[in-house]
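The paragraphs below go through one structure, moving from a single side chain to helix packing, salt bridges and the surface. Please keep the coordinates open while reading.

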Amino acid sequence: MAAPAAETVNKRTDPFLNSVYTNRQDGCFSADPGNLQDSVLDFMVKEVGSDLKSLKRVGELLERLREENSELEEQVLTVSSSVPPKVSAALNAAEEAQCSLDDLLQKERCISNTLHQHLQGAQSWMDKLGQTLNQVDTIERHMKYLRCLQHIEELSAAVQQCLMTSSVWEAIRAVDSMAALDTGLNQSGCSHLQAFLRETLHFWHKIIKDRLSSDFEKVLTQLHWPIISPPTQSLTPTANGQEIHSQLELLVAQLVALQTSDDLISQRALVSCVPSSPPGSSPLSQAAPLCLPIQIMLLPLNRRFRYHFYGNRQTNSLSKPEWYLTQVLMWMGNSSTFMEEKIQPILDRAGATVSARVELCRGLLSLVQEKVSSDASRLLYEDALFCHLVEEVLQFEKELRSNHSYPAVLPGLLHLLLEDTSLQKWLTVEKKMAVEKMDAMLSADGAWSSQYKDISDLDELKAPDCAETFMTLLQVITERYRPLPCASAQLKFLELQRELVDDFRIRLTQVMKEESRCPLGARYCAILNAVNYICTILGDWGDNVFFLQLQQAAISLGEEGVLGGLGVMEVGRLASLEGSLFEGLLALLDRLKGDMTGRLLEWTMREITGKAKPYSSDRWLSLPSQHDQSTMSLSSSACPMMLCVRDRLLNLRQVLSLSLFQLAWQGLAERLDNFLYQDVILCNHFSEGGAAQLQFDMSRNLFPLFGHYCKRPENFFKHVKEACIILCLNVGSALLLKDLLKESEEENWSGDPPPESALNELGVFCLAPCDVLILLNLRASWPGQ
C-alpha cells in the first residue's frame with residue numbers, strides 16, 4: 001500500500017534527500033551540516049543554474065517541494081494506521097484455531113471412552129474365541145503330526161515294496177524323501193517323531209547300502225580291484241566285459257544317488273560321537289564326506305593297511321614309517337589309471353562333481369593321518385626316531401603334491417606336525433641337531449679350508465668348509481619348514497635360524513680372538529671369509545620372495561619372537577620392504593667384519609711402516625737434480641717397503657674373497673697414503689732432486705703395485721699425488737702460488753678467483769690452501785737458497 005504511493009514522489013528530490021540523511025544511528029537519521037550545505041548548493045545549481053533570469057522559478061520549486069512533503073506525510077500516516085488491523089486479524093485467527101483444537105480434543109476423549117467401554121465388554125468374547133482357536137491349533141498340529149507319521153510309514157512301505165520288486169531307483173528316491181523330511185524336522189520340537197524317522201531312515205538306508213555294496217564289491221572283484229601292484233594288462237577282462245561295465249555304471253550311479261542320505265547319517269554319527277571339535281582336530285574329519293562308491297572301494301585297502309601296519313606285525317615298526325607311507329603312495333599310483341578311466345566317466349554322467357582319483361587319495365590319507373598321529377605321540381621322547389618321522393612325512397607330502405597332483409587346498413599330513421606338542425618337539429630336535437653339527441663342523445680337520453680352493457671360478461667367496469656347511473644346514477632347515485601351511489609355525493623356525501646364526505657368529509668371534517695374535521694367518525683370514533660369506537647369503541635371503549612373505553606375515557600377526565625389540569620406525573621399514581628380518585644379524589656380522597678387517601690392515605701397516613723407516617729418514621734435501629742423473633731408479637731405501645707392499649697384496653689376494661680383498665687393498669691404500677704424507681713428506685724438506693725422486697718412487701713404483709686391481713690407482717693416494725705436484729712445481733709457478741696463498745690469508749683480501757681455483761688448475765683438489773702452503777715451505781729450491 002505504501003509502495004505505490006512512494007512511486008509518486010518526484011525523483012529529482014531523491015539525490016537531495018539521500019545526501020542529507022547520510023547516517024542512521026539508533027533507528028534515527030542524522031544530518032551532517034557540512035554535507036547538508038553542499039547538497040543544497042548542488043541541488044540549487046542543478047535546478048536554477050547560473051542564469052539570474054531563472055530565479056523566478058524558485059517559487060515553483062518551493063511549491064513543488066511542499067506538495068512532495070505533504071504526500072510523504074500522508075504515506076507515513078497511512079502505513080502507521082494500517083498495522084493494527086493486521087495484528088488484530090492474526091490474533092482473531094489464533095483464537096479460532098485454539099477453539100477448534102479444544103473441540104477436537106473433547107471429541108477424542110469421548111471416542112476413547114466409548115472404545116474402552118466396548119473393549120471391556122468384548123473381552124469375555126475374545127477370551128472364549130482365543131480358547132477355541134488354541135484348541136483348533138492343537139488339533140491342527142496333531143493332524144500334521146499324524147499326517148507326517150503316515151507319510152513316514154508310506155515311504156517306509158514304498159521302500160519295502162520297491163526292494164521286494166528290485167526297484168532300487170524308486171527305493172533310493174523314497175529314502176531321499178525321508179532324508180529331506182528329516183532335514184525339515186530339524187527345527188521342530190517333535191523329538192520322538194524325528195527319532196522314529198531317523199531310525200526308519202537308517203534302517204532302510206543300511207539295507208539298500210548293504211545290497212548295493214555287496215553287488216559293487218562283486219563287480220570290483222571281477223575288475224581285479226584293489227590294484228595293489230602296477231597293472232601289467234588291461235584293466236577290463238575280455239570275457240563279458242560289456243556286461244560288467246554296465247553293472248559297474250549302474251551301481252556307481254545308484255550309490256551316488258544314495259549319497260545325500262549317507263552324508264546325513266554320517267554327519268549325525270560324527271556329531272553324536274564328537275559333540276564339539278577340539279582345537280587340534282583333523283581337518284580331514286571336518287571336510288566333506290567321501291563319495292560313497294569310493295568309500296566302498298577303500299574297504300579292502302583299509303583292511304590291508306590295518307593288517308600290515310597295526311598290531312604285532314613286523315611291518316608295524318616305529319622306526320620305519322617309510323614302509324606304510326611308501327605303500328600308500330604306491331596304491332595311489334597303481335590305482336590312478338583305473339580311477340580315471342573306469343570310475344571318473346561314470347561319476348561325470350551321474351552328476352557327481354568330484355574327482356575319483358582325488359577322493360581315493362583323501363580316503364587313503366585318512367588312514368595315514370591316523371597312523372602318523374599315533375606314532376608321533378609315541379615318539380616324543382625318541383629324538384632320532386621323531387626326526388626320521390618328520391623327514392618321511394615331509395618327503396611323503398612332497399611326492400603327494402608333485403607326483404599325484406593332490407590339490408593344495410586340501411590338507412595332507414603337515415598339519416599333524418603343527419600340533420603344539422609335535423611342533424615344539426620338532427623345534428627342539430632341530431636346534432639340538434643343528435648345535436651338534438656346528439660343534440662337529442668347527443672341530444673338523446678341514447673346517448677352515450675351502451673345498452673349491454683348486455677351482456678358481458667357484459672360489460670367489462673363498463668360504464671355508466665350516467661356513468658353507470653351516471649355511472647349507474640353514475638352507476636344509478628352510479626347505480623343511482617351507483611347505484608348512486601355517487605362517488606362525490614358519491616364523492618359529494625362522495626365529496630358530498636367527499638364533500643359530502647368532503650362535504655361529506659368537507663361535508666365530510671366539511675363534512677369531514684366539515687367532516688375533518696373527519691376523520695375517522690363514523685361519524684368521526678364513527674366519528673373515530666365513531663372516532663375509534654369511535653376510536652375503538643373508539643379504540640374498542633378505543631379498544628372497546619366501547622370506548619377504550614371512551616378513552609381511554610377521555608384521556600382520558604381530559609376532560613378538562621375530563619383531564621383539566623393534567621400534568615403530570623399524571617395523572614400518574619392514575612393512576614397506578625397505579629392510580629385512582636379518583638386519584640385526586647383518587649389523588652384528590658387519591661390525592665383526594669391520595673389526596677383523598681393521599685389525600688385519602693395522603697389522604699389515606705395522607709391518608710396512610717398519611720396512612719404511614729408512615725411506616722416511618732418507619736425505620731428500622741433498623739428492624741431486626733430475627738433470628744430473630742419466631736415468632731415474634727406485635730409491636734403495638724404498639725397496640723393502642715396496643717388496644712388503646707387493647707381497648702383502650699378493651697374499652691378501654690369495655687368502656681373501658674378492659669383495660673382501662677390494663675392501664682390504666683400498667683400506668691399505670688409504671692408510672699408506674696417510675702414512676707417506678704424514679711421516680715421509682711432512683717430516684722432510686725436499687730439494688728439486690728429492691721431489692723428483694719422490695714422485696718417481698710413487699708414480700712409477702708404488703702406484704703400479706695397486707694398478708693390478710684398478711685402472712687409476714693414483715686416485716687412492718690423493719694426498720701423496722697432490723703433494724708431489726706441489727713439490728715438483730717449477731720455481732716461478734711455486735713463487736706465484738705461494739704469494740697468492742699468503743695474500744689469501746689476509747683478512748681484507750678479496751681476490752678473484754679464489755686460491756682453490758688456482759689449485760684446481762694444477763690438479764690439486766684434496767689439499768686445502770693452508771696444507772699447500774706448508775708443502776711449499778718444505779721446498780728447498782728457492783732463489784737465493
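Leaving aside residues up to four places away in sequence, Arg 505 touches Leu 588, Leu 589 and Leu 592, where contact means heavy atoms within 4.5 Å. Arg 505 is part of helix H15; helices (H or I, at least four residues) are DSSP runs numbered from the N terminus. With a relative accessibility of 16%, Arg 505 counts as buried. The classes are buried at under 20% relative accessible area, exposed at over 50%, and partly exposed in between, with a 1.4 Å probe and protein chains only.

The model is predicted, so local features need pLDDT of at least 70 and side-chain atom pairs count only at pLDDT 80 or more, while totals for chains, interfaces and linings use all residues. Residues are numbered from 1 along each chain as its sequence is written, and side-chain values use heavy atoms, with hydrogens and water left out.

Helix H15 also takes part in the packing around helix H14. The buried residues of H14 pack against helix H12 (383–402), helix H13 (420–443), helix H15 (487–515), helix H16 (522–542) and helix H17 (545–557). Among these buried residues are Glu 468, Phe 470, Leu 474, Arg 480 and Tyr 481. Helix H14 covers residues 465–481, and its 17 residues should span 24 Å at 1.5 Å a residue; the expected span is 1.5 Å times one less than the number of residues. The end C-alpha atoms of H14 are 25 Å apart, which agrees.

Next come the charged pairs. How many salt bridges does a search of the whole structure find? The search finds 26, a salt bridge being a side-chain nitrogen of Lys or Arg within 4 Å of a carboxyl oxygen of Asp or Glu.

One of them joins Glu 170 and Arg 173, with the closest N and O atoms 3.9 Å apart. Both residues belong to helix H5 (residues 168–184), where being three residues apart separates them by about one helical turn. An α-helix has 3.6 residues a turn, so residues three or four places apart point the same way. Glu 170 is partly exposed at 40% relative accessibility, and Arg 173 is partly exposed at 48%.

Another salt bridge links Asp 182 to Arg 198, with closest N and O atoms 3.1 Å apart. Asp 182 sits in helix H5 and Arg 198 in helix H6 (residues 191–222), so this pair ties together parts 16 residues apart in sequence. Asp 182 is buried, at a relative accessible area of 1%, whereas Arg 198 counts as partly exposed at 27%.

Lys 431 lies in helix H13 and Glu 499 in helix H15, so the pair ties together parts that are 68 residues apart in sequence. Lys 431 is partly exposed at 39%, and Glu 499 is partly exposed at 37%. Elsewhere, salt bridges with shared partners join Asp 383, Lys 425 and Lys 432 into one network.

As for cysteines, the count of disulfides comes to zero, taking a disulfide as a pair of cysteine sulfur atoms within 2.5 Å. Cys 535 is buried at 8% relative accessibility, while Cys 639 is partly exposed at 32%.

Leu 146 lies in helix H4 (residues 58–164) and is partly exposed, with a relative accessible area of 48%.

Definitions and conventions. Helices (H or I, at least four residues) and strands (E, at least two) are DSSP runs, numbered from the N terminus.
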